[in-house]
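Please brief me on the fold and packing of this chain. Keep it short and grouped by topic.

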Amino acid sequence: MVSAIWPGTAYPLGATYDGAGTNFSLFSEVADRVDLCLIGTDGTEERIALDECDGYVWHCYLPTVTPGQRYGFRVHGPWEPAAGHRCDPSKLLLDPYGKSFHGDFDFGQELFSYDLAADDLATGGTPPRLDSLGHTMTSVVINPFFNWGSDRAPNTPYHETVIYEAHVKGMTQTHPAIPAEQRGTYAGLAHPAIIDHLKSLHVTAIELMPVHQFMHDHRLLDLGLRNYWGYNTFGFLAPHYQYAANQSAGGAVAEFKTMVRAFHDADIEVILDVVYNHTAEGNHLGPTINFRGIDNAAYYRLLDGDLRYYKDFTGTGNSLNARHPHTLQLIMDSLRYWVLDMHVDGFRFDLASTLAREFYDVDRLSAFFDLVQQDPVVSQVKLIAEPWDVGEGGYQVGNFPGLWTEWNGKYRDTVRDYWRGEPATLGEFASRLTGSSDLYEATGRRPSASINFVTAHDGFTLTDLVSYNEKHNEANGEDNRDGESHNRSWNCGVEGPTDDPDVLELRARQMRNIMATLMVSQGTPMISHGDEIGRTQHGNNNVYCQDSEISWMDWTLCETNSDLLRFVRRVTKLRTDHPVFRRRRFFEGKPLRTGEQVRDIAWLTPSGTEMTSREWDSGFKFVAMFLNGDAIPSPDARGERVVDDTFLLCFNAHSNPVEFTAPDASYAAQWTCDVDTAHPAGAAELILAAGEKTSLRGRSVLVLRKTA
């Protein structure tokens, strides 16, 4: 029994241990009464009425409560779905500000505030009032103190950044060098074997798929599947505790911090994929685990004219109400917590357009963007938008404010189309190669605002992109209806696995073409985990529910596809070594200084002459791009002029060879090959003099460096 109850303070929200006791605080504008529930290790419950309430924030301080204490809340208030209110004190509610959770959900009737046998009662009627204690997770008080030592943020500039998107479990589950008890965990991800692999790829930032505490959908569990990706969060301040090797109460927090410190020691940033657009509670038929029972109308966008239902811009059943000040506060407090307390370096916002919806339309001047812009902490880290949602007008590539970078979906689509030989893509391909100024320059942004990617967690892997024309998602239990149907993929002549050597060689070359294109494009490149070793999902382009070998990295591929791994290391090193591929400013198409003749960029035909408008419009699939390393306008960090080698990049998406003539001596007297995707590891001996001809293999890339 608690021996003393002090008033405490309204802020900070959540459970805050100060070294002596713990302050508890919960916002609910709709509540008539709030009980804090302390849960014993034997499952018993002690209820403490929160008599203090300031500005709709209910609070107390318990001087004897220390880290490891499990707790929840019960909110007494109106059950009026027609008015948007769904208070149900029979439900033990999780803390929206909980920093750790424990246990699991059993999805019995006890989690639901309506009779599962009568779905219509979800919109009215009287709740069954079955107690959810013992059927739901519990929040856990954590010890916030951690020895960060000399930890410092790498603060890698965007133009020097190479992002590697990864899944905590998928990246580590089968790695032979990681101890069995650490596989699938934060500790496993911080293992030297993983860090060494990333360093060999010249990766500067690892972008983790959701690590906020999430729920496995009941429907998937019934099918023997799981919510593997984790885009079903409810705990925005807590690391997913099932990813911790140490699953004791609060153990995930210290383990996550240890992982971040290890990455920082290796000069690798940690970026989190965050899901603030919806929660795991789903629509009106979902369980009541926290937000719905605390203050439904404050936390969720409800349907105008019928507040029993939820607006859904996400395809998940609900949308967070980013117009409400306390919901906005939760999002911003969460972001600051992950930066200040957990030391992460940035965020990728899932379905970010949803956060920008003031009423229906996506609004660049929304309250969320205003808050981010003025926040002294959040505004200083990497902010990456997935610039779309499933609502009307949700596709907003190029339309986010100046602080933001964006997953460039147009880059993905254009590069895929170009290399599969689609007509009329050459002009747009050139625009994507040069940083997509048509999308970002008007908002004062630089080429690095374009997060360039061709594959990501959502869709085909690189291997599957060149091996399948159609998705093969039957294992997901939805009769292959789920997942994107228009993948812009090409199977190179045979659907799926084959032993045809010609098809296999073409597929390998196409993978090299895409990786080379990604690394010589202006902007910020992102590699999807496992693409560097040819990971396959066997044609499944939506493995969100596949916590299995289908989705995990197969590390034996490092040997099987060693040529591909060597090639990726070669082109990532090329990018790292040469600032001409990662300029801070857009090209201007003119000389850097008065009196010079050679411009910063030029586009050439196979004959080595400059492209004309007729040739851009001809449907031709070859282009050479001249990059002048002596015409980089931006100085380095110390104000010194940046000078690099000069390159000639030749792209041939034709199925047949193209004869290429090196341009005249005003460009260079001699060129030497640095990368040729016609060769398995990219190495080729080729020296080309001005005016000399060479044959560029069909569907290949040639990277030539000026040597005289």
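**Helix α8 and its surroundings**

In helix α8, Phe368, Phe369 and Val372 are buried, that is, under 20% relative accessible area with a 1.4 Å probe and protein chains only, where exposed means over 50% and partly exposed lies in between. Viewed down the axis of α8, these buried residues fall within an arc of 95 degrees, so they line one face of the helix. The arc is taken over the directions from the helix axis to the C-beta atoms. This is a predicted model, in which local features need pLDDT of at least 70, side-chain atom pairs count only at pLDDT 80 or more, and totals for chains, interfaces and linings use all residues. Residues are numbered from 1 along each chain as its sequence is written, and side-chain values use heavy atoms, with hydrogens and water left out.

**Packing of α7 and α8**

- The cover over the buried residues of α8 includes α7, β17 (346-349) and β18 (382-385). Helices (H or I, at least four residues) and strands (E, at least two) are DSSP runs, numbered from the N terminus.
- The axes of α7 (residues 325-340) and α8 (residues 367-374) come within 11 Å and cross at roughly 35 degrees. Axes are lines fitted to C-alpha atoms, for helices over the stretch in contact, and angles run from 0 to 180 degrees between N-to-C directions.
- The crossing of α7 and α8 is right-handed, meaning that the near helix is turned clockwise from the far one by less than a right angle.
- From α7, Leu328, Ile331 and Met332 meet Ala367, Phe368, Leu371 and Val372 of α8. Contact means heavy atoms within 4.5 Å.
- By class, this contact of α7 with α8 has seven nonpolar, no polar and no charged residues. Ala, Val, Leu, Ile, Met, Phe, Trp, Tyr, Cys and Pro count as nonpolar, Asp, Glu, Lys and Arg as charged, and the others, Gly among them, as polar.

**The barrel and strand β21**

- Eight strands form a closed barrel with parallel pairing, in the order β12-β13-β16-β17-β18-β19-β20-β21. Two strands pair if DSSP finds at least two bridges between them.
- On average, neighbouring strands of this sheet are turned by 30 degrees against each other, direction ignored.
- Strand β20 (residues 450-452) runs parallel to β21 (residues 524-528), and two bridges join them.
- Isoleucine 451 has threonine 524 of β21 as its bridge partner. Asparagine 452 is bridged to proline 525.
- Three bridges join β12 (residues 163-166) to β21, also in parallel. Glutamate 165 is the bridge partner of serine 528.
- Five of the five residues of β21 are buried, so the strand is largely enclosed by the rest of the structure.
- Thr524, Met526 and Ser528 point one way from β21, while Pro525 and Ile527 point the other way.

- Phenylalanine 256 is in α5 (residues 251-265). At 0% relative accessibility, phenylalanine 256 counts as buried.
- Residues touched by phenylalanine 256 include Tyr186, Val211, Trp338 and Met342, not counting residues up to four places away in sequence.
- Helix α6 (residues 291-299) is mostly covered, with eight of its nine residues buried. Among them are Phe291, Arg292, Asp295 and Tyr299.
- The buried residues of α6 pack against β2 (22-27), β7 (70-76), β9 (85-86), β15 (233-239) and α7.
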